[in-house]
Amino acid sequence: MKNKNQQLLEDRKQLNRYGYAQELLRDMGGFSNFAISFSIISILTGAVSLYGHGLLYGGPGMMGFGWTIVAFFVLLIAASLSELASAIPTAGALYHWAAALKGTRIGWYTAWINLIGQIGIVAGIDYSVALFADPLLAGIFDYSSTDTTTLIVFGAVLLLHGILNHVGIKIVAKLNDFSAWYHMIVVAILVVSLAFFTKNGLQPIDYLFKVGQTFSDKPYFLAFLIGLLQAQWTFTGYDASAHTIEETVHPRVRAPWGIFNSVAFSFVFGFIMLSFVTLSIHDASGAVNSDNAFIYVISQALGGTFGKVVLWLVTFAMFFCGLSSITSFSRMMYAFSRDNGMPLSRHWAEISRKYRTPAKAIWLSVILSFVLALIDYITKLINPDVGYSTIAFLTAVSVVGLYVAYGIPIYLKLRAESKGIFLPKHYGPWSLGKWSKPINIISLIWIVFICIIMVIPPNQMAAYALGGMFILLLIMDFGYYKKNFKGPQAALEKSIDEIRRLEDEFEGEND
Amino acid sequence: MGVVIGFALVLLTLAAGTAIGVRANKNVRAFNDGEHEIFVGRDDK
């Protein structure tokens with residue numbers, strides 16, 4: 001058993017073999033690594049903010065069946081990604097895995113698709129905070145909540161997240177740890193409140209698995225598939241454990257467990273929470289027709305004041321989720337930029353000497369996320385009858401972007417294995433042995449399926465946005481990066497002396 | 001009927017998660033660094 005210093009030395013040596021210096025502060029333990037993904041999955045964000053979407057399309061059965069079906073397949077995807085994190089432990093994660101398994105160009109596309117998904121997830125999460133916080137604040141400060149006030153609250157939340165991420169990984173890591181406990185405690189409070197204090201009693205258990213009822217104009221089967229966005233969006237962002245791998249001690253074991261356990265625990269806690277919330281519904285059509293179905297259900301079940309307290313607790317959980325998601329996004333951008341994959345890479349790869357965080361990448365994450373929501377806001381100003389919700393648009397963009405980025409390295413690993421490039425000796429400690437291949441294949445089938453489902457009407461706007469972004473990527477690739485992007489392989493040319501010199505600079509700054 | 005299928009699905013998901021976790025844990029414990037190489041996408045320096 002190694003002590004912490006020996007482990008840190010070994011982790012640094014492993015990172016050096018990829019040609020990278022230990023620039024970020026490696027201080028996260030296993031729980032912190034798990035906590036960041038658990039906080040980003042945040043059952044109190046995804047499952048709650050899209051509760052109305054799930055109920056509208058799939059009825060109450062969406063919470064029993066939809067959540068479980070999605071969780072089953074996501075567990076397999078998480079296991080597939082965990083193996084890769086254990087084998088190639090760098091912050092670039094999906095992008096670096098794809099580049100190592102096939103080549104730099106596919107790595108470059110993976111990185112950008114991942115970045116697009118990350119923009120969607122940060123925007124979606126912080127927009128959810130604003131959707132909940134704005135009406136609550138409107139009640140306190142006596143103003144009317146509108147799309148404009150929601151956008152302003154959204155901007156303020158992003159700004160606060162940017163500042164907290166900028167000033168330090170230690171603060172953010174502590175808040176992430178707190179956030180994981182906070183999520184579990186709030187779910188417990190919610191469940192106990194609904195179990196014992198609901199005004200109208202709970203529905204019989206059959207209600208949770210009631211299928212065939214949709215409040216949309218679509219046939220039930222199709223409506224159910226569209227409703228899966230609720231669960232599928234909730235289960236995103238767990239690649240954060242891999243993006244913070246260079247800040248984690250003993251990363252080849254702890255990061256894969258972080259990915260896998262965050263999904264597993266989210267399934268269990270999410271199922272319990274959704275069960276009690278759904279069983280407390282007595283007016284489902286009123287809920288789907290309200291501005292926010294979750295707020296409606298909780299207010300009906302628990303009454304005004306108690307309901308408001310619960311809603312504030314949920315809003316804070318969403319706030320923590322957004323905080324973690326910017327950490328993950330900025331690390332991914334930092335890793336990609338140190339390989340010169342983005343315009344002005346030099347800036348985004350810069351680490352603040354004072355705080356040892358990728359400060360400029362953090363602020364770019366904030367700006368890009370705001371711009372995505374702003375585009376949607378302007379679109380709706382021009383055409384108020386667009387027929388989709390902002391939150392559904394942002395979440396569909398993130399689901400497709402992230403899951404395509406998850407799928408590419410899983411496919412490339414299968415391909416590299418069949419070509420004899422990736423061998424059993426290349427697996428890390430966290431591996432699945434003979435189960436790996438079937439689990440990878442099932443994961444890929446689900447990813448293809450879910451990406452199609454997420455962009456069919458009424459979410460076609462997400463398909464247009466993603467299509468537009470992809471065209472832009474093609475132009476950038478053929479215009480410049482095809483010839484000039486060297487990928488993570490270029491770092492392998494760095495001498496060990498050069499790497500040590502860089503590490504000494506950072507250690508000198510922090511002495 | 002829906003309840004039975006629903007809870008069967010929940011149990012299946014829990015069983016799948018547990019089985020994967022147990023298998024991965026077994027491999028973590030049996031891992032011998034000397035028999036493995038870091039994959040960098042090309043021959044090590």
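Predicted model: local features only at pLDDT ≥ 70, side-chain atom pairs only at ≥ 80, totals over all residues.

A: A crossing of two helices is called right-handed if the near helix is turned clockwise from the far one by less than a right angle, and left-handed if it is turned anticlockwise.

Chain A contains 22 helices and zero strands. Its radius of gyration is 22 Å, close to the 24 Å that the globule rule gives for 511 residues, so chain A is as compact as a globular protein of that length. Of its 511 residues, 58% count as buried. Among the contacts between residues at least 6 apart in sequence, 85% join residues at least 24 apart.The pair to begin with is helix H6 (residues 94–101) of chain A and helix H7 (residues 104–141) of chain A, whose axes lie 7 Å apart at an angle of about 165 degrees. An angle over 145 degrees counts as roughly antiparallel, and H6(A) is therefore roughly antiparallel to H7(A). H6(A) passes H7(A) in a right-handed crossing. On the side of H6(A), the contact is made by A:Leu94, A:Tyr95, A:His96, A:Ala98 and A:Ala99. H7(A) contributes A:Thr104, A:Ile106, A:Gly107, A:Thr110, A:Ala111 and A:Asn114. By class, the residues of this contact divide into six nonpolar, five polar and no charged.

A second pair is formed by helix H9 (residues 169–197) of chain A and helix H13 (residues 251–279) of chain A, whose axes come within 9 Å and cross at roughly 30 degrees. Angles under 35 degrees count as roughly parallel, which makes H9(A) roughly parallel to H13(A). Here the crossing of H9(A) past H13(A) is left-handed. H9(A) brings A:Met184, A:Val187, A:Leu190, A:Val191, A:Leu194 and A:Ala195 to the contact, and H13(A) brings A:Phe269, A:Ile272, A:Met273, A:Phe276 and A:Val277. These residues divide into eleven nonpolar, no polar and no charged.

H18(A) passes H19(A) in a right-handed crossing. The residues in contact are A:Leu372, A:Ala373 and A:Asp376 from H18(A), together with A:Thr390, A:Phe393 and A:Leu394 from H19(A). They divide into four nonpolar, one polar and one charged.

The secondary structure of chain B comes to one helix and zero strands. Its C-alpha trace spans about 60 × 25 × 5 Å along the principal axes, and of its 45 residues 20% count as buried. The contact between the chains takes 39 residues from chain A and 25 residues from chain B. On the side of chain B that touches chain A, the residues divide into twelve nonpolar, eight polar and five charged.

Conventions. Residues numbered from 1 in each chain as written. Chains lettered and ligands numbered in written order. Contact = placed C-beta atoms within 7 Å. Nonpolar A, V, L, I, M, F, W, Y, C, P; charged D, E, K, R; others polar. Helix = DSSP H or I, 4+ residues; strand = E, 2+ residues; numbered from the N terminus. Rg over C-alpha atoms; globule rule 2.2 N^0.38 Å. Buried ≥ 20, exposed ≤ 12 C-beta atoms within 10 Å, placed from the backbone. Axes fitted to C-alpha atoms, helices over the stretch in contact; angles between N-to-C directions. Parallel < 35°, antiparallel > 145°, perpendicular 65-115°, else oblique.
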